[in-house]
Amino acid sequence: MDHLIQIVLLLGVTVAIMVTFQRLHVPSSLGYLLVGLILGPHTAGPTVHVPEFKVLAEFGVVFLLFSIGLNYSLPQLHAMRHQILGLGTAQVALTTAAVATLLWLAGLSPAVAFVIGAVFAQSSSTIIGRQLAEQGEDTSRHGRLGLAISVFQDVTAVPFLILIPVLGAATGMNALAGEVGLAIAKAVLAFGLVFYAVRWALRPLFHMVAERRSAELFTLTVLLVVLAAAWTTSSLGLSLAFGAFLAGMMLGETEFRHQVESSIRPFRDVLLGLFFVGIGMLFDPATLPRIWHWALLGAFLLLLSKIVVVAVIVRRSGMDALVAWRTALLLAVGGEFGFALLAIALDAGVIDQEIGQIVLTAVLFSMIAGVLLIRYNEAIAVRLVRPAAEAPPLAERLAGLPAPQVLIGGYGRVGHTIAVLLKSSGVDFVAFDTDPKRVQQGQADGHVVLYGDIADPDLLAAARAERAALAIVTVDSHAIALRAIAALCQHCPQVPVIARARDLEASSALVNAGAIHAYPEAIESSLRLGATALRMLRIPTVDIDLMLQDIRDWDYQPVIETPVEEDAE
């Protein structure tokens, strides 16, 4: 009963904090860490101490690696080998090497320096994905590239699951070399066992289970496979998570991948939450006055090393400087997988508790600072690149061009389409974009596309925006679109502005900012789909057009979902 009370307390505090964090749009992993800090042994108040808690928390990493393996089957790894072996592996390897070398020169042992370098090399896919989605940059080039590299880190970091436990067992270079060689041999053996088990046993097993059409039986089978694979690698002296990753990678090739992922998700999310709670319990606030300066220095080293490494490798891959710096700023944030590697290193005795506290605190500090770097990645990157100093003044580039009838802000998918339509109609226009690659593409298309931010008042003055008949804002970022509309309304209030919006909420905000109209893509695509359906049902085209126009005239109110109100008690 004592354990039951502690479990209820744990669940109650977790629910309260997670509800608050979700309302504030804070990553859930930070919420779980806070739960662990509150209920841990190092803070005042109630403490949760359940003997089985640590064991359950360890399986959070097991199920996380299994899910990652599902998304990276052998054919997928082969298809993406250039990205994984290129950018993903280079980022992890170079960051680990750079940090480890600096710490080794500072006096730490090679094993400790290597572990800290591996922990610092990880980035948070959760924080990056959530922050980019909120900023409307998840479909941008730097957003897609940054998120892809952060996900690839989880795959390229799998060898650390093999190496870190070995570092704690070996004493001396000869012993270390022997242990590493033995661990690699065991990893190859484990791969072979899991590979042939899936090919010759598990596929027929899942076929048989699927024929029973029982979701309960299917889930039990998935759990059996995950735990059996984890037990296999554990029996060979490797980590539990490595076996789960292999099983997921092999099952990712089968036709059952999506159902397996759906079945395992509830267990993964709950157990992974427990893992982060366990990490939070390791944090001792009493050590903060003693280690805060080392933790800040560690966070600075983490952020700086990844920014420099990522910027260099992305630039050398052929991307322009602005995309390289923006991608680097996204990946600077510390990652949850780093906590997993830190926990493994602590259990293996590779690093002591004092250094573990410093590393843990440094990663937490980097997460806080990383959110700010992601939020302001464009402003920071523009200052770092300073493309205006390399290019001729905007006034020179616009000299000799007639005053455009239309200004277009953003030359992405939507801006390109509008430019084609305007050119086909003989309408003069000039488009601006802050992505040099898009500017080059627009010029290759034969359009007047220049580098610049349409929200810049100096640019609007140089472009003679006050003489335009119309301004069209098509940028992906909602925040940038708001700034652009505000700048246009202030500089040339007589010029009507129309804009592209992601949804109705964004559309309303853009109209309130001064746009004459903002077309919500999500609703407009639904209307076009509905119109097609009505035409196929032989409804007269005139009636359909009147219906759609009526919906637009009423600001889409007839198709807005009305939230269901709960009955008052």
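**Strands, helices and cysteines**

Student: In what order do the six strands form the open sheet?
Tutor: Six strands form an open sheet in which the pairing is parallel. Strands (E, at least two residues) and helices (H or I, at least four residues) are DSSP runs numbered from the N terminus, and two strands pair if DSSP finds at least two bridges between them. The strand order is E3-E2-E1-E4-E5-E6.

Student: What pLDDT do local features need in this predicted model?
Tutor: The model is predicted, its residues are numbered from 1 along each chain as the sequence is written, and side-chain values use heavy atoms, leaving out hydrogens and water. Totals for chains, interfaces and linings use all residues, side-chain atom pairs count only at pLDDT 80 or more, and local features need pLDDT of at least 70.

Student: Which residue in E2 stands opposite leucine 407?
Tutor: Strands of a sheet pair through backbone hydrogen bonds, either parallel or antiparallel. Strand E1 (residues 406-409) pairs with strand E2 (residues 429-433) in the parallel sense, over four bridges. Opposite leucine 407, strand E2 places valine 430.

Student: Which residues of E1 point the other way from Val406 and Ile408?
Tutor: In a regular strand the side chains alternate between the two faces of the sheet. In E1, Val406 and Ile408 point one way, and these two and the residues pointing the other way are all buried, that is, under 20% relative accessible area, where over 50% is exposed and values in between are partly exposed (1.4 Å probe, protein chains only). The residues pointing the other way are Leu407 and Gly409.

Student: Through which helix does the chain cross from E1 to E2?
Tutor: This β-α-β crossover is right-handed: with the strands pointing away from the viewer, the path from the first strand over the helix to the second runs clockwise. The helix between the two strands spans residues 413-424 and is H21.

Student: Which residue in E4 stands opposite glycine 409?
Tutor: Strand E1 and strand E4 (residues 470-473) run parallel and are joined by four bridges. Opposite glycine 409, strand E4 places valine 473.

Student: What is the bridge partner of arginine 500 in E6?
Tutor: Strands E5 and E6 pair in the parallel sense over four bridges. In E6, the bridge partner of arginine 500 is tyrosine 519. The chain crosses from E5 to E6 through helix H25 (residues 504-513), again in a right-handed β-α-β crossover. The partner asked for is tyrosine 519.

Student: At about what angle to E6 does helix H26 run?
Tutor: Helix H26 (residues 521-536) lies across both strand E5 (497-501) and E6. Relative to E6, helix H26 runs at about 65°.

Student: What is the phi of arginine 538?
Tutor: Arginine 538 lies in the loop between H26 and helix H27 (541-553). At 76% relative accessibility, arginine 538 counts as exposed. Its phi is positive, in a residue other than glycine, and is near 65°.

Student: Is arginine 213 buried or exposed?
Tutor: Arginine 213 is found in the loop between helix H10 (173-211) and helix H11 (215-235), and its phi is near 55°, a positive value in a residue other than glycine. Because its relative accessible area is 79%, arginine 213 is exposed.

Student: How many disulfides does the structure hold?
Tutor: A disulfide is a pair of cysteine sulfur atoms within 2.5 Å. The sulfur of cysteine 492 is 7.9 Å from the closest cysteine sulfur, in cysteine 489, which is too far for a bond. Cysteine 489 counts as partly exposed at 26% relative accessibility, whereas cysteine 492 counts as buried at 1%. The number of disulfides in the structure is zero.

Methods: Contact means heavy atoms within 4.5 Å. Axes are lines fitted to C-alpha atoms, for helices over the stretch in contact, and angles run from 0 to 180 degrees between N-to-C directions.
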